[in-house]
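Subject: Structure handover and notes

Dear colleague,

I am passing the structure below on to you, and my notes follow it. Please read them with the coordinates open.

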Amino acid sequence: MTTDANPARAADDDRGGGDGNGTPVGRRVVLGMLAAGAAGVAAAPALQRAWDSTLGAAAQNDPTGLTGLLPVGGGFRYYSVTSSVPHKDERTYRLTIDGLVRHHTTYRLADLRALPQTRLVRDVQCVTGWRVPGTPFEGVRLATLLDAAGIRPEAKAVRFTCFDGAYSESLTLEQARRDDVLVALRMQDKPLKHAHGGPVRLYVAPMYFYKSAKWLSGITLTERVEPGYWEERGYDVDAWVGRSNGRDDAPTT
């Protein structure tokens, strides 16, 4: 795992980070991707989808982070704080809810899909500046899962962990219970792809996108807010769009 002296270089959803163990991307490859990206924007939608797929795969093995300068799938960027992330599927994915709850619970993908689903359409705002307007997310309200687990009186916050083995996030219990906070299974009306944090990610609609932890695997009720990965590196714990991190972006709600 590598950290970045300037968190603004790699914060929100998808920039390729790494711990130096991956294969470096050479100058010719980067220039080639830039040229291919320009061609893809002008080409047919099928070619653009192929470009998105190719770049997403390259970004996961790019410790330089240069591929994060280019869009992956509808204007998003690929960010990761590790050099690689394991893939999870219907057979291997599990989401655990534990900590200060009465019932420790484990969900499979099929279990989450069987619960009532909520669809939200909001702009996605990255703290580094890029924005993707009108993005649909769909999934289970986090409050539904918390209620099912039975919140103990001493619980005041929620901590989220991820199967990349490094990333974490937190919300206050009040924030976590908002109607616009989802355990998301779909994005842009399609199942969440691995490059976008699939098969399950957190989605916190009114906050900068680093709060919407990808590759979600654990939800733990705690006595207090524990700063997440990027908050330990200088980002605001309360990440309201336009009201934090020294930015004045238009709200996403």
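How many salt bridges does the structure hold? The structure holds 15 of them, where a salt bridge is a side-chain nitrogen of Lys or Arg within 4 Å of a carboxyl oxygen of Asp or Glu. Before I go through some of these, please note that this is a predicted model, in which local features need pLDDT of at least 70 and side-chain atom pairs count only at pLDDT 80 or more, while totals for chains, interfaces and linings use all residues. Residues are numbered from 1 along each chain as its sequence is written, and side-chain values use heavy atoms, with hydrogens and water left out.

Salt bridges

Side chains of opposite charge can pair when their charged atoms come close. R131 counts as partly exposed because its relative accessibility is 27%, the classes being buried for under 20% relative accessible area, exposed for over 50%, and partly exposed in between, with a 1.4 Å probe and protein chains only. D123 is likewise partly exposed, at 25%.

A second pair is R159 with E226, where the N to O distance is 3.6 Å. This pair links distant parts of the chain, since R159 belongs to strand β5 (residues 157-162) and E226 to the segment after β10, 67 residues apart; helices (H or I, at least four residues) and strands (E, at least two) are DSSP runs, numbered from the N terminus. R159 is partly exposed with a relative accessible area of 23%, and E226 is partly exposed with 31%.

E232 and R233 form a further salt bridge, with their closest N and O atoms 3.7 Å apart. E232 is exposed, because its relative accessible area is 58%, whereas R233 counts as partly exposed at 24%.

Strand β7 and its partners

Strand β7, which covers residues 181-187, is mostly covered, in that six of its seven residues are buried. Strand β4 (residues 131-141) runs antiparallel to β7 and is joined to it by five bridges, where two strands are said to pair if DSSP finds at least two bridges between them. Within β7, A184 stands opposite G139, and A184 also has R201 in β9 as a bridge partner. Strand β9 (residues 201-204) is itself antiparallel to β7, with four bridges between the two.

The remaining pairing to mention is with strand β8 (residues 190-191), which is antiparallel to β7 over two bridges and in which K190 stands opposite M187. β7 and β8 form a hairpin with two residues between them, and Q188 in the turn has a positive phi of about 55°.

M187, which lies in strand β7, is buried, because its relative accessible area is 5%. Which residues does M187 contact, leaving aside its neighbours within four places in sequence? They are F76, T135, P136, F137, L192 and H196, contact meaning heavy atoms within 4.5 Å. Of these, P136 is 51 residues from M187 in sequence, and the two are 5.7 Å apart in space, C-alpha to C-alpha.

T252 is placed in the segment after β10 (216-222). Is T252 buried or exposed? T252 is buried, because its relative accessible area is 5%. The side chain of T252 reaches the backbone oxygen of A205 at 2.6 Å. T252 and G134 are 118 residues apart in sequence, yet their C-alpha atoms are 9.3 Å apart in space.

With best regards

Terms used:
Polar contact = N/O pair within 3.5 Å; in protein donor to acceptor, adjacent residues only side chain to side chain.
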